[in-house]
Amino acid sequence: MAKARAFDFAQTTEKLLGALNVDTKAYEDVLKNAAEFNTKLGKVAVDAARKNAELTNAWTQDVLARFDNANTACGNPVEYAAVASEFATAEARALPERLAQFAEVAKTAQLNTVDLLISAGKTVQEKAAPVAATAKPGK
C-alpha cells in the first residue's frame, strides 16, 4: 500500500510562480516586511500584557495583605464594622492609582503601536515613490 505524501505548499507555490515566470523578489520582500512588522507589533502586545500581569499580581498581593491584616477576631459588631470600613477605605484610596497604572500601560502600548504604523507608512511611501516616478501612465 502506497503512503500518501504530505502536501508541500512552499514547493507547490514555488513551482507555480516559476511556471508563471514571475519575479518573486517583490513578494518575498512584502512577506519579510510583514513578518518584521508583526514581530514588532507582537512585542508591543506582549510587553503590555506582561506589565498588566505584573500590576495585577501586585494589586492582588496588596489586597491579600490588607485582608490578612483585617482578618482578626473582634469582640463585638462595632469592631467588625470598623475593620471592614478601614479595609474598604484603603481599597478605595488605592483604586485611582492602580487604574492610572493600567491606563499608563495602555497609553504606552497605544503610542508604540502608532509609532510602528507611522514608521511602516513612511517605509512604504519611501519605497513607492521611486516606483511611482518611473511608472508611465496608461501602461
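1. Arg-50 pairs with Asp-47 in a salt bridge, with 3.6 Å between the closest N and O atoms. Both residues sit in helix α2, three residues apart, about one turn of the helix. Arg-50 is partly exposed, at 47% relative accessibility. Note that this is a predicted model.

2. Asp-47 also meets the side chain of Lys-43 in a salt bridge, at 3.2 Å from N to O. Lys-43 and Asp-47 are four residues apart in helix α2, again about one turn of the helix. Lys-43 is exposed, with a relative accessible area of 52%. Asp-47, at 31%, is partly exposed.

3. A search of the whole structure gives five salt bridges. One of them joins Arg-98 to Asp-62. Check its geometry: the closest N and O atoms are 1.9 Å apart. Arg-98 belongs to helix α3 and Asp-62 to helix α2, so this pair ties together parts that are 36 residues apart in sequence. Is Arg-98 buried or exposed? Its relative accessibility is 11%, so Arg-98 counts as buried. Asp-62 is partly exposed, at 32%.

4. Aromatic pairs number three in the structure. Trp-59 and Phe-102 form a tilted pair, with 6.1 Å from centre to centre and 45° between the planes. This pair links distant parts of the chain: Trp-59 is in helix α2 and Phe-102 is in helix α3 (residues 77–134), 43 residues apart. Trp-59 counts as partly exposed, with 23% relative accessibility.

5. Phe-67 and Phe-87 make another of these pairs. Why is it called edge-to-face? The ring centres are 6.2 Å apart and the planes stand at 75°, and planes over 60 degrees apart count as edge-to-face. Phe-67 is in helix α2 and Phe-87 in helix α3, 20 residues apart, and the pair links distant parts of the chain. Phe-67 is partly exposed, with a relative accessible area of 48%. Phe-87 is also partly exposed, at 24%.

6. Which residues gather in a patch of negative charge on the surface? They are Asp-8, Glu-14, Asp-23 and Glu-28. Asp-23 lies in the loop between α1 (9–19) and α2 (25–70). Asp-23 is exposed, because its relative accessible area is 57% and the cut-off for exposed is over 50%.

Methods:
Residues numbered from 1 in each chain as written. Predicted model: local features only at pLDDT ≥ 70, side-chain atom pairs only at ≥ 80, totals over all residues. Heavy atoms only, no water. Patch = residues over 30% accessible without salt bridge, like charges linked within 9 Å, V, L, I, M, F, W, Y side chains within 5 Å. Areas by Shrake-Rupley, 256 points an atom, 1.4 Å probe, with all protein chains shown as cover. Salt bridge = Lys/Arg side-chain N within 4 Å of Asp/Glu carboxyl O. Lys, Arg positive; Asp, Glu negative; His and termini not counted. Charge placed at Lys NZ, Arg CZ, Asp CG, Glu CD. Helix = DSSP H or I, 4+ residues; strand = E, 2+ residues; numbered from the N terminus. Buried < 20%, exposed > 50% of the residue type's maximum accessible area, 1.4 Å probe, protein only. Phe/Tyr/Trp six-rings, centres within 6.5 Å; stacked < 30°, edge-to-face > 60°.
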